[in-house]
Amino acid sequence: MFWSKTLKLAGITSLMMFTTAQAATFDKPETDIKYRQSAFSMIAINFSDMADMVKGKKEWNDAQFQLRAEQLAQLVPMAHTGFGSADSKEGDTKAKAAIWTDADGFATKFAKFTKDTQNLANVAKEGNRGQIKKAFGQAAKNCKSCHSDYKSK
Ligand code: HEC
């Protein structure tokens, strides 16, 4: 199955808990919101640093790129954790209600994001810059693809 394969690729099984509805993943819905937004902030920082190297705005550094890619891959499931409860659809959030009404669609986007960022981390370790740029471009498509459906402006 695609989903279980993705989980295996990502080396995580804890995502399974999203199939059950809960009051809040943490103590309060506000904490869920803060948790996922914090993860996305860190995703963006890692991502833009890699983008600067890919675009030649900053000198390429293999070790640094590998670390950014590795940490990005680790942050993706953390961001996902923050969407565990529909109670967090209201509040200081740009998450659209569709995340919970179209849970399968959202899970599919996250599975693709997990797979592509995991692939980027793996390719980065191999050190072939052409392949790295390709994997980066692939991972980059996920941001807009998900935001346009599930994040309000
Ligand atoms: C699977 C869906 C999905 C993907 C893929 C995704 N995002 Fe998001 N992102 C969201 C949602 C939903 C929010 C709104 C969270 C909220 O406000 O509660 C968000 C919020 C953000 C924020 C705002 C965080 C804050 O401080 O409020 C940033 C920055 C961000 N994303 C960057 C990115 C980048 C960069 C990528 C690609 C590398 C990406 N996102 C990929 C769904 C996604």
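This is a short exchange about how features of a predicted model get their labels.

Colleague: What makes up the secondary structure of the protein?

Modeller: Six helices and zero strands. Along the sequence the pattern reads α-α-α-α-α-α. The protein has 153 residues, and 37% of them count as buried. Its accessible surface comes to about 8,900 Å², with 54% belonging to carbon and sulfur atoms.

Colleague: How many aromatic pairs are there?

Modeller: The count is 11 aromatic pairs.

Colleague: Why is the pair of F26 and Y35 called tilted?

Modeller: Start with the distance. The ring centres of F26 and Y35 are 4.6 Å apart, and rings pair if their centres lie within 6.5 Å. Now the angle. The planes stand at 40°. Under 30 degrees would be stacked and over 60 edge-to-face, with the rest tilted. The pair of F26 and Y35 is therefore tilted.

Colleague: What makes W60 and F65 a stacked pair?

Modeller: The centres of W60 and F65 are 4.9 Å apart, with 10° between the planes. Planes under 30 degrees apart count as stacked, so W60 and F65 are a stacked pair.

Colleague: Are the residues of these two pairs buried or partly exposed?

Modeller: W60 and F65 are both buried. F26 is partly exposed, at 31% relative accessibility. Y35 is partly exposed too, with a relative accessible area of 31%. Buried means under 20% and exposed means over 50%, so a value of 31% falls in between.

Colleague: Which residues form the aromatic cluster?

Modeller: One aromatic cluster is formed by F40, F83, W100, F106, F110, F113 and Y150.

Colleague: Turn to the ligand. Which residues are closest to the ligand?

Modeller: R36, T93, C143, C146 and H147 are the closest, in a shell of 22 residues. By class, that shell has 13 nonpolar, five polar and four charged residues.

Colleague: Where does the shell around the ligand come from?

Modeller: α2 (29-54), α5 (103-126) and α6 (129-150) each supply at least two residues. The largest share, seven residues, comes from α2.

Colleague: Why is K112 called partly exposed?

Modeller: K112 is in helix α5. Its relative accessibility is 36%. That lies between the limits of 20% and 50%, so K112 counts as partly exposed.

Colleague: Which residues does K112 touch, not counting those up to four places away in sequence?

Modeller: K112 touches Q138 and N142. K112 and N142 are 30 residues apart along the chain, and their C-alpha atoms are separated by 7.6 Å. Across the protein, 73% of contacts between residues at least 6 apart in sequence join residues at least 24 apart.

Colleague: What makes Q131 partly exposed?

Modeller: Q131 lies in helix α6. The relative accessible area of Q131 is 41%. Exposed would need over 50% and buried under 20%, so Q131 is partly exposed. Its C-alpha atom is separated by 9.0 Å from that of L120, 11 residues apart along the chain.

How values were computed
Residues are numbered from 1 along each chain as its sequence is written. This is a predicted model: local features need pLDDT of at least 70, side-chain atom pairs count only at pLDDT 80 or more; totals for chains, interfaces and linings use all residues. Side-chain values use heavy atoms; hydrogens and water are left out. Rings of Phe, Tyr and Trp (its six-membered ring) pair if their centres lie within 6.5 Å; planes under 30 degrees apart count as stacked, over 60 as edge-to-face and the rest as tilted. Buried means under 20% relative accessible area, exposed over 50%, partly exposed in between (1.4 Å probe, protein chains only). A residue is near a molecule or strand if one of its heavy atoms lies within 4 Å of it. Helices (H or I, at least four residues) and strands (E, at least two) are DSSP runs, numbered from the N terminus. Ala, Val, Leu, Ile, Met, Phe, Trp, Tyr, Cys and Pro count as nonpolar, Asp, Glu, Lys and Arg as charged, and the others, Gly among them, as polar. Contact means heavy atoms within 4.5 Å. Accessible areas come from the Shrake-Rupley method with a 1.4 Å probe; for residues, only the protein chains shown count as cover.
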